[in-house]
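Here are a few notes to go with the structure. Keep it open while you read and look up each spot as we get there.

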Amino acid sequence: PLLIPERICDELLAWLTMHPHLKPILVLHCNHPQEISEEVEIALEKLMANGVMLLNQSVLLKGINDTVKILIELSETLFAANVLPYYIHLLDRVSGTAHFEVSEDAAIQLIQEMSTKLPGYLVPKLVREVAGEQAKTLI
């Protein structure tokens, strides 16, 4: 829905909701509030209106979304579009991305400050991917 909102069409909605006993969940990957355009909001509303639960995961990126102001704006913008902020990931250490890395200590401080300014449901869980682990590791 973020890159091609028009792909949220009747055919996709029918497919997502064809089993009424299952609750569809869609996890977005939105890192910055500027990614939520009017077209994206319309697509998300269609999903929500069809019973799709919407969650978001972000990656904490130095110089992109590594301030409390931007993270709060992201959480509030997502919530206004019926999306719950779910996870915020520390950057995976892969070649060519080190310039985006935010330290674990700085990330913890950002989440702690967010939790003093937002209700708990708008503060995403801080996690990291650990190779070989079956699930995300909560920090």
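Predicted model: local features only at pLDDT ≥ 70, side-chain atom pairs only at ≥ 80, totals over all residues.

1. Start with helix H4, which runs over residues 104–117 and has 14 residues. From its first C-alpha to its last it reaches 20 Å, close to the 20 Å expected at 1.5 Å a residue.

2. Now look at which way its side chains face. Ala107, Leu110, Ile111 and Met114 are the buried residues of H4. They sit on the same side of H4, because they cover an arc of only 95 degrees around the axis.

3. What lies over the buried residues of H4? The cover includes H3, E3 and strand E4 (125–128).

4. Next, find the loop between helix H3 (68–80) and strand E3 (84–89), where Asn82 has its place. Asn82 is not a glycine, yet its phi is positive, about 70 degrees. Its relative accessibility is 32%, so Asn82 counts as partly exposed.

5. Last, the cysteines. How many disulfides does a search of the whole structure find? The search finds zero. Cys30 has 0% relative accessibility, so Cys30 counts as buried. Cys9 comes out at 32%, so Cys9 counts as partly exposed.

Technical notes: Residues numbered from 1 in each chain as written. Heavy atoms only, no water. Helix = DSSP H or I, 4+ residues; strand = E, 2+ residues; numbered from the N terminus. Buried < 20%, exposed > 50% of the residue type's maximum accessible area, 1.4 Å probe, protein only. Disulfide = S-S within 2.5 Å. Expected span 1.5 Å × (residues − 1). Arc of directions from axis to C-beta. Contact = heavy atoms within 4.5 Å.
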